[in-house]
Amino acid sequence: MRRFFAHLPGRFFLVAMLVGSAFIAASSLAYFDFETLPAFVVEKLPVRFEALWLASLRVHVAVASLPLCLLLPTPALQRRRALHRWLGRVSGVLVLFALVPSGIVLAFDAKGGAVVTVGFLVSAAIVASFMVRGVTAARRGDVVLHRHAMRHVVAQMSVAVTSRVLLLGLDAVGIDPDVAYVVALWGPVLASAAVVELVSLRSIRPAVPLTERTRRAFYPLALLVRVRSLARPLVRLGR
Amino acid sequence: MCAFALSLVPSFASADEPSLAEWAQRRVEDGLVKPLAELEGHRMSRARPPPRERHVRVLQTSATLDKGGHPFVSFAVDVRFGSEWRENDIVGCAYTGSGDLYVKKGDAYRPASFLLGKNEEPVAGVCEAVPARS
């Protein structure tokens, strides 16, 4: 029961992200209807390099719609090591050679100007650098570092969902859309990175803190138990 | 005599007929603002959320001729998201003869259906008044 509750936040996060991703994927189908222009494209056009921008948008949306990075940390895929490795390789290639480059192209024409462009580039840099670190850690067999790096990758990908939810929330309370766009990008990017660091600190830290362990070690009863455990074999030898 | 005869001919511009500005306002509302409102919705998208309100302003009381000699009236659409109005969110023109609507995107004018999702290319020369001769 305790274990169930311990895993509850992680499971809730995973389900929320899968549902959010499904909604985004459904609303992104319009990008592949070549006859009409979705509202986001109408809003953005004209852009400097229209063909490149549109191709990048479609690549970015198509790759982001695959929930591979969300499925990899699930226990079912972690138990199947060979499958986990292969799907991990596919994810790594897609993220590093399609998602991040297309995201960088889109970032330079992001609405909201330089502040938003930098926000998207920071997120892309976190994803790319931690994906590389995560892959190299996995190849070395360093599971702790691999987990930490992949958490950062998934957390930055979750910005797609949290940012859109935040945009809806800020619109509901009447915040100016230009201000909301900046807040809904930088907030989740920074918060996601911070949450990963906190979660990783908690998981790396021993279950019992050092102070508590010291206190227990020098507690009179604990000392007595230790003395007895040392004395008992000697007494047995004497018999 | 002629003046008397003309006065007996019913006028095309009756008292109930809207002025040019009223006609243009109604045309923009029916041809752009209402279809936009029907199209927009809150989606899981990075697109700008639909405004709470739109208001059409007709910028001229009389028509201007473009290079092709076609009369048009310029308009602007203001939007409200929170409490403040944002002016000139959409800028364009309505042709009095055909009723065609054009909107400005970047430096060019495109048919207003572009804002409704149709992939329309910019049209040269529309909504541009003929320079006055000195």
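pLDDT is the predictor's confidence in each residue, on a scale from 0 to 100. This is a predicted model, in which local features need pLDDT of at least 70, side-chain atom pairs count only at pLDDT 80 or more, and totals for chains, interfaces and linings use all residues. Residues are numbered from 1 along each chain as its sequence is written, while chains are lettered from A and ligands numbered from 1 in the order in which they are written.

Start with confidence. Chain A has a mean pLDDT of 85. In that chain, 85% of the residues reach 70 or more. Among the elements of chain A, H7(A) has the highest mean pLDDT, at 97. Helix H11 (residues 220-238) of chain A has the lowest, at 52. Over residues 220-225 of chain A, pLDDT stays under 50. For that stretch the model has three contacts beyond four places in sequence; two residues are in contact if their C-beta atoms, placed from the backbone, lie within 7 Å. Where pLDDT is low, the predicted coordinates should not be read in detail.

Now the layout of chain A. It has eleven helices and zero strands. Helices (H or I, at least four residues) and strands (E, at least two) are DSSP runs, numbered from the N terminus. Chain A holds 239 residues, and 25% of them count as buried. A residue is buried if 20 or more other C-beta atoms lie within 10 Å of its own, exposed if 12 or fewer, and partly exposed in between, with C-beta atoms placed from the backbone. Take the contacts in chain A between residues at least 6 apart in sequence: 64% join residues at least 24 apart.

Next, follow two helix pairs. Helix H6 (residues 81-107) of chain A packs with helix H7 (residues 114-140) of chain A at an angle of about 160°, and their axes are 10 Å apart. Axes are lines fitted to C-alpha atoms, for helices over the stretch in contact, and angles run from 0 to 180 degrees between N-to-C directions. The angle makes H6(A) roughly antiparallel to H7(A). Angles under 35 degrees count as roughly parallel, over 145 as roughly antiparallel, 65 to 115 as roughly perpendicular and the rest as oblique. The crossing of H6(A) and H7(A) is left-handed, meaning that the near helix is turned anticlockwise from the far one by less than a right angle; clockwise would be right-handed. Residues of H6(A) in this contact include A:Gly88, A:Gly92 and A:Val95. On H7(A), A:Phe120 and A:Met131 are among them. By class, the contact has 13 nonpolar, four polar and no charged residues. Ala, Val, Leu, Ile, Met, Phe, Trp, Tyr, Cys and Pro count as nonpolar, Asp, Glu, Lys and Arg as charged, and the others, Gly among them, as polar.

H7(A) also packs with H8(A), at an angle of about 155° and with axes 8 Å apart. That makes H7(A) roughly antiparallel to H8(A). This crossing is left-handed too. In H7(A), the residues that meet H8(A) include A:Phe130 and A:Arg133. The contact of H7(A) with H8(A) divides into eleven nonpolar, five polar and one charged.

Finally, turn to chain B. Two helices and six strands make up its elements. From the N terminus on, they run α-α-β-β-β-β-β-β. Of its 134 residues, 23% count as buried.

The two chains touch. In all, 20 residues of chain A are in contact with 19 residues of chain B. Helix H1 (2-28), helix H2 (39-44) and helix H8 (143-172) of chain A each give two or more residues to this side. Its residues divide into twelve nonpolar, four polar and four charged.
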